[in-house]
Amino acid sequence: MSEASLFEASTSVRGPDLKAVLWDMDGTLLDSEKLWDVAMHELAAELGGVMTPSTRHSIIGASGPDALAAIFAALELDPTPAAIAEAASWVNGRVTELFSLGIPWRPGAREALGAVRGSGLRTALVTNTERVLAEQALDTLGREHFDVTVCGDEVPRGKPQPDPYLRAAELLGIAPEHCLAVEDSPTGSAAAEAAGCAVLVVPCEVAVETGPRRVHRASLEGIGESGFVSAWRAVHV
């Protein structure tokens with residue numbers, strides 16, 4: 001049986017209920033968008049320009065290539081492969097430095113992650129951040145909290161495309177419609193929604209529009225297992 005057939009067989013017998021929670025990282029579990037903010041403003045200065053609020057907001061949650069393309073366009077710079085590669089290397093180095101100083105948790109995130117893990121639900125980390133930086137962040141998050149991890153440089157297309165969430169569901173052997181994604185950004189919410197997941201939206205730096213497959217919450221504080229189940233069921237009534 002092919003890998004695809006095995007995936008279909010494993011998901012076809014799933015009951016109509018929540019089976020897995022798929023976690024975004026930056027801005028959802030970790031308050032790391034503020035560290036990315038420092039790096040992005042400094043990158044713009046390195047490139048001879050200024051990071052405007054509108055440009056910064058537009059790249060929150062974006063993949064590395066998409067974010068750099070937007071920055072180069074905003075600064076009216078020629079996005080040659082060499083220039084993009086140099087900028088990517090600079091950003092990764094700077095974020096590595098910032099992450100090494102410590103990454104704070106988002107309010108309630110540590111407890112919510114523990115509650116989901118203790119409930120028996122499957123879990124995945126699904127991030128646009130590249131593997132080398134995600135591994136550094138996992139030192140804070142704890143690798144034991146996730147059955148699988150999917151990073152932005154491990155799929156053909158990052159968020160807002162559905163590829164990261166589809167890959168996570170495939171690795172878990174659970175159909176996306178039985179998964180709840182937890183996201184903070186418009187980009188990530190669009191990716192999870194396009195993959196077929198229900199989405200629990202907990203905004204961080206920017207507002208996220210409502211939608212039929214989205215449930216909004218101001219914070220992860222006090223949510224517990226029942227809150228995740230209720231969010232998933234609210235989309236499937």
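# Briefing: charge pairs, cysteines and backbone exceptions

The whole structure holds 19 salt bridges. The model is predicted.

**Salt bridges**

- Side chains of opposite charge can pair when their charged atoms come close.
- Glu 97 pairs with Arg 94 in a salt bridge whose closest N and O atoms are 3.0 Å apart. Both residues belong to helix 5 and sit three residues apart, about one turn of the helix. Glu 97 is partly exposed, at 46% relative accessibility.
- Asp 147 forms a salt bridge with Arg 117, again with closest N and O atoms 3.0 Å apart. This pair links distant parts of the chain, 30 residues apart: Asp 147 is in the loop between helix 7 (131-141) and strand 3, and Arg 117 is in helix 6 (residues 109-119). Asp 147 is partly exposed at 32% relative accessible area, and Arg 117 is partly exposed at 28%.
- Glu 183 and Lys 159 form a salt bridge with closest N and O atoms 2.8 Å apart. Glu 183 lies in strand 4 and Lys 159 in the loop between strand 3 and helix 8, so the pair ties together parts that are 24 residues apart in sequence. Glu 183 is buried, with a relative accessible area of 1%; Lys 159 is buried, at 1% relative accessibility.
- A network of salt bridges links Arg 131, Glu 135, Asp 139, Arg 143 and Glu 154.

**Asp 184**

- Asp 184 is in the loop between strand 4 (179-183) and helix 9 (186-195).
- Beyond its neighbours within four places in sequence, Asp 184 contacts residues including Asp 24, Asp 26, Gly 27, Val 202 and Cys 204.

**Cysteines**

- The count of disulfides is zero.
- The sulfur of Cys 179 is 5.1 Å from the closest cysteine sulfur, in Cys 197, and is therefore too far for a bond. Cys 179 is buried, with a relative accessible area of 0%.
- For Cys 151 the closest cysteine sulfur is also in Cys 197, at 17 Å, too far for a bond. Cys 151 is buried, at 1% relative accessible area.

**Backbone**

- Most residues other than glycine have a negative phi, and most peptide bonds are trans.
- The peptide bond from Lys 159 to Pro 160 is cis, with omega near 20°. Pro 160 is in the loop between strand 3 (148-150) and helix 8 (163-172).
- Glu 76 has a positive phi, near 55°. Glu 76 sits in the loop between helix 4 (64-74) and helix 5 (81-100) and is exposed, with a relative accessible area of 73%.

Key
Residues are numbered from 1 along each chain as its sequence is written. This is a predicted model: local features need pLDDT of at least 70, side-chain atom pairs count only at pLDDT 80 or more; totals for chains, interfaces and linings use all residues. Side-chain values use heavy atoms; hydrogens and water are left out. Helices (H or I, at least four residues) and strands (E, at least two) are DSSP runs, numbered from the N terminus. Buried means under 20% relative accessible area, exposed over 50%, partly exposed in between (1.4 Å probe, protein chains only). Contact means heavy atoms within 4.5 Å. A disulfide is a pair of cysteine sulfur atoms within 2.5 Å. A salt bridge is a side-chain nitrogen of Lys or Arg within 4 Å of a carboxyl oxygen of Asp or Glu.
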